[in-house]
Structure formats: structure tokens, C-alpha cells
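Morning, everyone. Please bring up the model, and I'll walk you through sheets, packing and salt bridges.

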Amino acid sequence: MIDHVSVGTNDIVRARIFYDAVLDRLGLRLIKSSARSADYGVSAILFSVETPHDGKQASAGNGSHIAFLAGGRDVVDAFHDIALAHGGSDAGPPGLRPEYDAHYYGAFVFDPDGNKIEAVTRSST
């Protein structure tokens, strides 16, 4: 079982602008923050964006991404729009992905540091 997931950033202020907006739409709130990290969840931390502890530049992993569960297709659409409006870039527009599942509806974006995230629902609405 996963306790939480973290991605790296080279600019925590820029990352907060992006993730505060994007994760709010998915029902996650900022639980704790500092000059090095921003931690989001519902009642406990589930996702963090942070500067690397070793002091080196953060870099995104090629071939990896984090998928957040969305309540419906409208939430996936809003996630994509909000991400692009807050410094993200498109990595796959909202739509059905039948190669995964007949009802798989998702959208992919890169955050300002190049980390790939997704919102997905299997709801038909």
C-alpha cells in the first residue's frame, strides 16, 4: 500500500501556484508547507512537491506519472484546463483511452518542473 507520493521541484513558489489550483479541483487541500515543500491530502498527507534533500536539481522521471482519481469527466476536463492555466503543459488532452479500459477517461499534463500527472475517471459521466 502506498502511504504518499512526492515529486521534485526547483521552484516551490511556482509549484504551489500550480498544485494549489490543480489539486483543489481534485478534492485535495494543502495540509502543510515550508520553504522546501508543499504537502497535500484530505486528512493526512498523500502527495508532496518538494525540493530535493540532496541539494541537487530536481528532474522528472521519464516514463513515470502519477494518476489522481477524479469524480467524473467534468472534473478531468477542469483539471486539464486549470493545469494549463497555472503553468502546466499538455501531455494528453481529456478523452477516452479505450486501450486502457472501455470507460477510462483521462487527461495528462506536465507540471512546471516536467513531472507528468494525470486525472482519471472510469465514470460514464
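Which residue in strand 4 does Ser37 stand opposite? Glu50.

Ground rules, quickly. This is a predicted model, so to speak of local features we need pLDDT of at least 70, side-chain atom pairs count only at pLDDT 80 or more, and totals for chains, interfaces and linings use all residues. Residues are numbered from 1 along each chain as its sequence is written, and side-chain values use heavy atoms, with hydrogens and water left out.

Now the strands around that pair. Strand 3, residues 37-41, runs antiparallel to strand 4, residues 45-50, over five bridges. Strands here are DSSP runs of E, at least two residues; helices are runs of H or I, at least four; both are numbered from the N terminus. Two strands pair if DSSP finds at least two bridges between them.

Zoom out. An open sheet of four strands has the order 1-4-3-2, with mixed pairing. At its edges sit strand 1 (5-8) and strand 2 (29-33), each pairing on one side only. From one strand to the next, the twist averages 25 degrees. Helix 1, residues 12-25, packs on this sheet and touches strand 1, strand 2, strand 3 and strand 4. Contact means heavy atoms within 4.5 Å. The direction of helix 1 makes about 10 degrees with that of strand 3. For angles, axes are lines fitted to C-alpha atoms, for helices over the stretch in contact, and values run from 0 to 180 degrees between N-to-C directions.

Next, strand 5, residues 66-69. Ile66 and Phe68 make up its covered face; Ala67 and Leu69 are on the uncovered one. Strand 5 pairs with strand 8, residues 116-121, in the parallel sense over four bridges. There, Leu69 has Val120 as its bridge partner.

How many salt bridges does a search of the whole structure find? Two. The criterion is a side-chain nitrogen of Lys or Arg within 4 Å of a carboxyl oxygen of Asp or Glu.

One joins Asp113 and Arg14, at 2.7 Å, N to O. Asp113 is in the loop between strand 7 (105-110) and strand 8, Arg14 is in helix 1, and 99 residues separate them. Buried or exposed? Asp113 is buried, at 16% relative accessible area. Arg14 is partly exposed, at 32%. The cut-offs: buried is under 20%, exposed over 50%, partly exposed in between, with a 1.4 Å probe and protein chains only.

The other joins Asp20 and Arg16, at 3.0 Å, N to O. Both lie in helix 1, four residues apart, about one turn. Asp20 is partly exposed at 29%, and Arg16 is partly exposed at 27%.
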